[in-house]
Amino acid sequence: MERFDSISVPLYRSAGLEERGVCITIAGCYSQVHTHNLPPRRMSEWILILCTEGGGWVQMEGQARRRVAAGQMLLLPPDLSHSYGNGPDGWTVQWLHCTGGEAQTLCQRICAGKAPGTPLSGAQTQPLLEQILHRLKGGRGLTDVLCAEALLTQLLCSVLEAVQNTALDGSQAT
């Protein structure tokens with residue numbers, strides 16, 4: 001059964017928090033969807049997509065379509081046209097959009113030297129992404145939002161560390 005959940009996250013401007021280092025703007029989950037195909041578009045935020053079941057595809061402006069499998073994560077950069085969707089057997093994805101200086105720095109470092117939209121190993125990210133979504137569904141009070149954003153910082157740092165360790169392992173093997 002297809003299910004779509006999305007959570008808009010308040011910016012808390014009145015609390016003086018509009019300049020947070022990592023700011024989640026919207027997040028959600030699409031479960032067992034067979035009709036999730038988005039036409040090319042540009043967004044102003046980084047988009048993180050984790051495929052947890054099934055598979056799909058991503059296509060960045062000027063590039064060929066790439067396959068996305070269960071256990072893979074996408075980090076789509078802002079202001080670059082992209083499209084994505086489920087494969088023939090559907091997919092389940094958890095996703096979020098984020099902004100902020102620290103998010104920008106971490107995402108850029110994760111993606112350094114890779115073509116935009118290159119699928120990454122997302123194995124270590126699922127438990128943290130589930131905690132983020134749980135926090136945001138839990139009432140979306142200021143504490144929940146700040147905790148979710150701290151978890152996102154942790155998630156991005158763990159992905160960056162895995163990318164750097166993989167690069168080190170590859171350079172030491174040569």
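# Briefing: cores, helices and ring contacts

Ile132 and Leu152 touch the most other members of the largest nonpolar core, which has 32 residues. At least two residues of this core come from each of β2 (23-33), β4 (46-60), β6 (72-76), β7 (82-99), α1 (101-111), α2 and α3 (142-173). The biggest share, nine residues, comes from α3. The model is predicted.

**Overall layout**

- The protein has three helices and eight strands.
- Read from the N terminus, the elements follow the order β-β-β-β-β-β-β-α-β-α-α.
- The protein has 174 residues, and 45% of them are buried.
- Take the contacts between residues at least 6 apart in sequence: 76% of them join residues at least 24 apart.

- Which residues does Leu152 contact, once neighbours within four places in sequence are set aside? They are Val22, Ile24, Leu48, Leu96, Cys98 and Ile132.
- Another core, of 15 residues, lies apart from the one described above. Its members include Tyr30, Cys51, Val58 and Met60.

**Helix α2**

- Helix α2 covers residues 126-137, twelve residues in all.
- At 1.5 Å a residue, α2 should span 16 Å.
- An α-helix has 3.6 residues a turn, so residues three or four places apart point the same way.

- Leu128 is part of helix α2.
- Is Leu128 buried or exposed? Its relative accessibility is 11%, so Leu128 counts as buried.
- Not counting residues up to four places away in sequence, Leu128 touches Leu151, Gln154, Leu155 and Ser158.
- Leu128 and Thr153 are 25 residues apart along the chain, and their C-alpha atoms are separated by 10.0 Å.

**Helix α1 and the glycine after it**

- The buried residues of α1 are Ala103, Leu106, Cys107, Ile110 and Cys111.
- Their arc around the axis is only 125 degrees, which puts them on the same side of α1.
- Gly113 follows α1 and has a positive phi, near 80 degrees.

**Asp79, a residue with positive phi**

- Most residues other than glycine have a negative phi.
- Asp79 is not a glycine, yet its phi is positive, at about 60 degrees.
- Where is Asp79? Asp79 lies in the loop between β6 and β7.
- Asp79 has a relative accessible area of 55%, so this residue is exposed.

**Aromatic rings**

- How many aromatic pairs does a search of the whole structure find? The search finds one.
- The pair is formed by the rings of Tyr30 and Trp95, with their centres 5.7 Å apart.
- Their planes meet at 35 degrees, so the pair is tilted.
- Tyr30 belongs to strand β2 and Trp95 to strand β7. The two parts are 65 residues apart in sequence, so the pair ties together separate stretches of the chain.
- Tyr30 counts as buried, with 17% relative accessibility. Trp95 also counts as buried, at 8%.
- Trp57 has a charge over its ring: the charged end of Arg65 sits there, 3.5 Å from the ring centre.

**Val68 in strand β5**

- Val68 lies in strand β5, which covers residues 66-69.
- Its relative accessibility is 1%, so Val68 counts as buried.
- Which residues does Val68 touch, not counting residues up to four places away in sequence? They are Cys51, Gly55, Gly56, Trp57, Val58, Leu74, Trp91 and Pro119.
- Val68 and Thr118 are 50 residues apart in sequence. In space, C-alpha to C-alpha, Val68 and Thr118 are 9.1 Å apart.

Methods:
Residues are numbered from 1 along each chain as its sequence is written. This is a predicted model: local features need pLDDT of at least 70, side-chain atom pairs count only at pLDDT 80 or more; totals for chains, interfaces and linings use all residues. Side-chain values use heavy atoms; hydrogens and water are left out. Helices (H or I, at least four residues) and strands (E, at least two) are DSSP runs, numbered from the N terminus. The expected span of a helix is 1.5 Å times one less than its number of residues. A nonpolar core is a set of buried Ala, Val, Leu, Ile, Met, Phe, Trp, Tyr and Cys residues joined through side-chain atoms within 4.5 Å. Buried means under 20% relative accessible area, exposed over 50%, partly exposed in between (1.4 Å probe, protein chains only). Contact means heavy atoms within 4.5 Å. Rings of Phe, Tyr and Trp (its six-membered ring) pair if their centres lie within 6.5 Å; planes under 30 degrees apart count as stacked, over 60 as edge-to-face and the rest as tilted. A charge sits over a ring if NZ of Lys or CZ of Arg is within 6 Å of the ring centre and within 35 degrees of the ring normal. The arc is that of the directions from the helix axis to the C-beta atoms.
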